[in-house]
Amino acid sequence: MLENLQHGLIVSCQAPVGSPLHDPSIVAAMAQAAVIGGAKGVRIDTPAHVRATREKLPDTLIIGLWKQHIPGSEVYITPHFEDARAIADAGADIIAIDATLRDRGNADTLQTLIPRIGDELGKLVMADADSIEGAIAAAQAGADCVGTTLYGYTSQTQHLSPPGWDLLQQLVEQLEIPAICEGGIASPEMAKTALQLGAHAVVVGGAITGIDLKIQAFQAIFPQSRRI
């Protein structure tokens with residue numbers, strides 16, 4: 001399964017909660033458009049969106065996750081085993097989880113969550129990391145691939161700006177599992193750089209499907225524009 005992703009594009013098809021685009025049928029349509037355009041896989045949030053996407057794309061590789069907010073913890077990407085089960089039942093092939101070393105509150109630990117996803121759900125695990133230390137811990141726990149997903153998005157790395165080129169190089173050099181570059185890829189040239197640095201595959205989200213954020217960026221230069 002991971003071999004099919006090698007040197008390929010994965011499109012993250014997500015929309016902010018509250019956006020008209022945050023709808024299962026619309027997310028599934030974005031995913032379908034991405035695959036028609038040549039994407040080898042898609043990354044989808046929430047069971048409902050994964051299920052709708054699977055119905056539209058029965059043979060496409062889906063990386064699924066479920067963003068859940070835990071009181072007292074910053075961890076939010078598929079933090080519990082039951083979240084992973086819901087994503088698996090919806091049709092995801094790979095389950096993405098938070099692989100940072102942050103306090104997980106009442107979430108499952110990496111050492112328990114990753115093996116259970118493989119053993120009980122029969123799914124591969126993508127570890128979303130922000131540092132080489134977290135990535136190593138996830139790999140030791142049995143993760144099948146690791147991404148630079150959270151580089152620059154945690155309190156420990158907020159002073160850094162994605163893409164995480166330095167983290168990607170560390171992942172490629174120090175781990176035996178595939179390293180996926182995700183976060184901050186804003187152009188084809190940046191995606192090419194990721195592949196040149198040894199990325200197994202590249203995830204692109206906002207640059208392709210981030211309509212809401214792009215509108216906000218343009219809106220900044222039209223301060224008098226009326227929003228409907």
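**Entry 1: the model.** I am working from a predicted model. I kept that in mind for each entry below.

**Entry 2: strand S8.** I started with S8, which spans residues 201-204.

**Entry 3: the neighbours of S8.** I then looked up which strands pair with S8. Strand S1, residues 8-12, runs parallel to S8, and 4 bridges join the two. Gly8 has Ala201 as its bridge partner in S8. Strand S7, residues 179-182, is also parallel to S8, with 3 bridges between them. Here I noted Cys181, whose bridge partner in S8 is Val202. I followed the chain from S7 to S8 and passed through helix H7, residues 188-196; this β-α-β crossover is right-handed.

**Entry 4: helix H2.** I moved on to H2, residues 47-56. Which of its residues are buried? I listed Pro47, His49, Val50, Ala52, Thr53 and Arg54. What do the buried residues of H2 pack against? They pack against two helices, H1 (24-36) and H3 (81-90), and against two strands, S2 (41-45) and S3 (61-65).

**Entry 5: backbone angles.** Most residues other than glycine have a negative phi, and most peptide bonds are trans. Thr46, in the loop between S2 and H2, has a positive phi, near 80 degrees. Thr46 counts as buried because its relative accessibility is 14%. Thr78, in the loop between S3 and H3, also has a positive phi, near 45 degrees. Thr78 counts as buried too, because its relative accessibility is 0%. I also found a cis peptide bond between Pro162 and Pro163, with omega at about 5 degrees. Pro163 sits in the loop between strand S6 (145-147) and helix H6 (165-174).

**Entry 6: a surface patch.** Last, I looked at the surface. Which residues form a nonpolar patch there? I noted Phe218, Ile221 and Phe222, which together have about 350 Å² of accessible area. Phe218 belongs to helix H9, residues 211-219. Phe218 counts as exposed because its relative accessible area is 57%, and the cut-off for exposed is over 50%.

Terms used
Residues are numbered from 1 along each chain as its sequence is written. This is a predicted model: local features need pLDDT of at least 70, side-chain atom pairs count only at pLDDT 80 or more; totals for chains, interfaces and linings use all residues. Side-chain values use heavy atoms; hydrogens and water are left out. Buried means under 20% relative accessible area, exposed over 50%, partly exposed in between (1.4 Å probe, protein chains only). Two strands pair if DSSP finds at least two bridges between them. A crossover is right-handed if, with the strands pointing away from the viewer, the path from the first strand over the helix to the second runs clockwise. Patches are made of residues with over 30% relative accessible area and no salt bridge: like charges are joined within 9 Å, nonpolar side chains (Val, Leu, Ile, Met, Phe, Trp, Tyr) within 5 Å. Accessible areas come from the Shrake-Rupley method with a 1.4 Å probe; for residues, only the protein chains shown count as cover. A salt bridge is a side-chain nitrogen of Lys or Arg within 4 Å of a carboxyl oxygen of Asp or Glu. Contact means heavy atoms within 4.5 Å.
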